[in-house]
Amino acid sequence: MTSNTINNVVVDHGAIEALKSFSLPADISFGKALTPVMIEADYDNGKWGEFKLVPYRSLNIDPTCKVLHYGQEIFEGMKGYNTKGAGPFLFRPDQNAERFNLSALRMAMPEVPINDFLGSVETLTSYCADFIPVNSGESLYIRPFMYASESNLGIKPSEKFKFLVVASPSAAYFSSGSVKVLVEEDAVRACPGGVGAAKTGGNYAASLLSMIEAKKKGFHQVLWLDALKKEYIEEMSGMNFFAVYGGEIRTPSLTSTILNGITRKSIIEMAKHLGVKVVEQEMKIMDLLEDIKSGKCSECFACGTAVIITPIDTLGLANGELFPLGQNYGPTTKKLREALLNLQEGTGEDPFGWRIKLEAASY
Ligand code: COI
């Protein structure tokens, strides 16, 4: 058994064998096909051990592993691109590394040193370059995550953690193109002082029951309101929310109950660069619905790493009232989506320095 060290990541001989015998399934959807290798590192006695590229495998978890009981877990979502063979590229991976450590702080978990986080993601992407889909809108969806790996039932912060990065050659998140969104008027996702701004599994678990109810009514997603007054728009679990008013885009200003989306912040900077006015402010749901009715608001869209920019074709209330916005991409949504994809996929200029070019690893 031999190994090599790249970006401070130990490349296991078994990983090379796994890569050599892998071929990408002909049909890919979102998050189902997985690359044959992953990154793994363990934290114990106050420090991280080696970060390693290893063959993808199931984990052996003790039934008392703390994450299974107390949910001490965080994750990130990011993408590798190789559209028309121009990559591999990563998009603002430093932002994911930073946010990961903010989530870690909130969830009483150790930081992953930025260089180890970046080295892990870069190494995995370089070795999986051949498995990145080449069609626009497709990508290698990369999922770094960390969980409490200590085994015992005491409710106290774990002293052992596991960091992993897995990757999935993926197609578009929504096969439907646009989405129907139900305003959640009852349940709440996050409250002030809670963990809504951390990317932790519990926030997503908390959203699932509402999602089931929304699907029964013919919607794809729910739009969350603030926990205290249920008046202000927050986010959509895994997506942030934007509305288009004339030549201007509006999005709820960040609070402790909204995830600071990297796609959200990139759209804001990119739109300003393109001459589109951006307003970050508190947004009352009832004002928005009125404005859709009157035509003042002509487009709404969801954005996030997985969904890129996805148009919302209808907003709905529990009483059955619908606020249609149009089935197709509105002009502003389309313009921003194209600009973002050109930037991420390497088919356009990158005036911001956000696109990181990697070398494909040879093995
Ligand atoms: C992402 O966009 O990367 C997310 O984390 C959404 C995910 C829950 C599918």
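Reader: I'm new to this one. Which residues does threonine 257 touch, leaving aside residues up to four places away in sequence?

Author: Threonine 257 touches Arg189, Ala190, Cys191, Pro192, Gly196, Glu234 and Glu235. Keep in mind that this is a predicted model.

Reader: Where does threonine 257 sit in the chain?

Author: Look in the loop between strand 14 (248–252) and helix 6 (262–273).

Reader: Is threonine 257 buried or exposed?

Author: The idea is to compare its relative accessible area with a cut-off: buried means under 20%. Threonine 257 has 4%, so it counts as buried.

Reader: Let me try another loop. Where is serine 237, and what does it touch?

Author: Serine 237 belongs to the loop between strand 12 (221–223) and strand 13 (240–245). Not counting residues up to four places away in sequence, serine 237 touches Arg189, Tyr204, Ser207, Gln221 and Trp224. Arg189 is also on the list for threonine 257.

Reader: And why does serine 237 count as buried?

Author: Use the cut-off again: serine 237 has a relative accessible area of 10%, so it is buried.

Reader: How should I read a helix?

Author: An α-helix has 3.6 residues a turn, so residues three or four places apart point the same way. Now try helix 1, which covers residues 13–20. Its buried residues are Gly14, Ala15, Ile16, Ala18 and Leu19.

Reader: What do those buried residues pack against?

Author: They pack against strand 2 (9–12), strand 3 (37–44), strand 5 (51–55) and helix 4 (114–127).

Reader: Which residue caps the N-terminal end of helix 1?

Author: Aspartate 12 does that. One of its side-chain oxygens lies 2.6 Å from the backbone nitrogen of glycine 14.

Reader: Let's zoom out. Which domains does the chain have?

Author: The domain assignment gives domain 1 (2–170) and domain 2 (179–345). Their C-alpha centres are 28 Å apart. Where the two meet, 25 residues of domain 1 are in contact with 23 residues of domain 2.

Reader: What is the volume of the largest pocket, and which residues are closest to its centre?

Author: The largest pocket holds about 590 Å³ of space. It is lined by 32 residues, and Phe75, Tyr141, Arg143, Lys199 and Ala306 are the closest to its centre.

Reader: Why does the largest pocket lie between the domains?

Author: To place a pocket, check who supplies the lining. Domain 1 and domain 2 both give residues to the lining of the largest pocket, so it lies between them. Strand 9 (139–148), strand 10 (161–170), helix 5 (201–216), helix 6 and strand 16 (297–304) each supply at least two residues. Helix 5 has the largest share, with four. By type, the lining has 16 nonpolar, twelve polar and four charged residues.

Reader: What about the second largest pocket?

Author: Its volume is about 260 Å³. Of the 19 residues lining the second largest pocket, Arg99, Leu102, Ala197, Ala198 and Asn260 are the closest to its centre. Helix 3 (residues 93–106) gives the most to this lining, six residues.

Reader: How does the lining of the second largest pocket divide by residue type?

Author: You'll find seven nonpolar, eight polar and four charged residues. Domain 1 and domain 2 each contribute at least three residues to the lining of the second largest pocket.

Methods. Residues numbered from 1 in each chain as written. Predicted model: local features only at pLDDT ≥ 70, side-chain atom pairs only at ≥ 80, totals over all residues. Heavy atoms only, no water. Buried < 20%, exposed > 50% of the residue type's maximum accessible area, 1.4 Å probe, protein only. Contact = heavy atoms within 4.5 Å. Polar contact = N/O pair within 3.5 Å; in protein donor to acceptor, adjacent residues only side chain to side chain. 1 Å grid on protein atoms, 1.4 Å probe; cavity = no way out; pocket = protein on both sides within 12 Å on 5 of 7 lines; lining within 4 Å. Points joined across faces, edges and corners; volume = space filled by probe spheres on them. Nonpolar A, V, L, I, M, F, W, Y, C, P; charged D, E, K, R; others polar. Domains from an automatic or database assignment.
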